[in-house]
Amino acid sequence: MPHLRCYVFLIINLMLCDLIAQQDPFFMPFEGPVYVIPSEDMKNWKFNYGEQVHDYEQIATVSFQELKIPDTHVDVPFPGVERKSRYGMILDSEMIIKQDGCYAFILSSDDGSKFWVNDQEILDNDGTHGYRKRASRVFIKEGRYPVKVWYYQGFVHRYGITFDARYIGETCPDSSMLLEDKVSSFKKFDLASNVLFDYNDSELKEE
C-alpha cells in the first residue's frame, strides 16, 4: 500500500509539473493614445486601420492591465474616453512566451480591431461591424515580443473589445484558424444605407 501511495503521489506531481510548464502568454499593460476619427473618414460606414490614424487629434492616453471590455451600450462610457463615437486607439504591450509552442489568439470587438506581434499582423477583425470574434493559432518561440492592438469605435450604440491568448501544444495543426463565427442560426442581409438611415444621420429609422 505505501508503494501505491508513492506511485500516485509521483503521477500527480508529474501532472502538476507538466501543467506548470505549459504556460499561457503573459502580457505587460496595454497602453497608448486615443485619437478622434474625422467624420469624413467614416463615410459610407467604411473604415479600416491605416498609418494616417497617427496623424489624428489625440484626446487621451489609456492603460489597461488586460483587454476585457465586454459588449456595452455607449450610455456607459468607454474607460478613459469621453466620447460615444468616432475614436480609435493604438495600444502597445510586451508579450512574454515561456516555451516554444502553438499559441491561440482570440480578438473580439465592436467595431474594428487588429493584433500584431513584432509588427506582423496576426489577427484582422477590422471594419465597422457589431460584436464579432476572430481567432488564429501561431507557432512562437520562447522570448519577449512587442505587440500592438488597434481598436476603434465608429458609431453608436455599442462598443467593446476583449483579447485572450493561450498555450495550445507543442505543434500547430495545418489550419491557421482556431475558431470561426457560429452563424448557422442566423441569416445575413445586406441593405443599402438609405434604407436604414436618413442622410447624414446615425439613428436607425423606426421602420
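Start by selecting K148 and W116: K148 lies over the face of W116, 4.6 Å from the ring centre (a charge sits over a ring if NZ of Lys or CZ of Arg is within 6 Å of the ring centre and within 35 degrees of the ring normal). This is a predicted model, in which local features need pLDDT of at least 70 and side-chain atom pairs count only at pLDDT 80 or more, while totals for chains, interfaces and linings use all residues. Residues are numbered from 1 along each chain as its sequence is written, and side-chain values use heavy atoms, leaving out hydrogens and water.

Next, select F27 and F163. Their ring centres are 5.4 Å apart and their planes at 80°, so the pair is edge-to-face (rings of Phe, Tyr and Trp, the last by its six-membered ring, pair if their centres lie within 6.5 Å; planes under 30 degrees apart count as stacked, over 60 as edge-to-face and the rest as tilted). F27 is in strand β1 (residues 26–27) and F163 in strand β11, 136 residues apart (strands are DSSP runs of E, at least two residues, numbered from the N terminus). F27 is buried at 12% relative accessible area, and F163 is buried at 6% (buried means under 20%, with a 1.4 Å probe and protein chains only).

Note on methods:
Helices (H or I, at least four residues) and strands (E, at least two) are DSSP runs, numbered from the N terminus. Buried means under 20% relative accessible area, exposed over 50%, partly exposed in between (1.4 Å probe, protein chains only).
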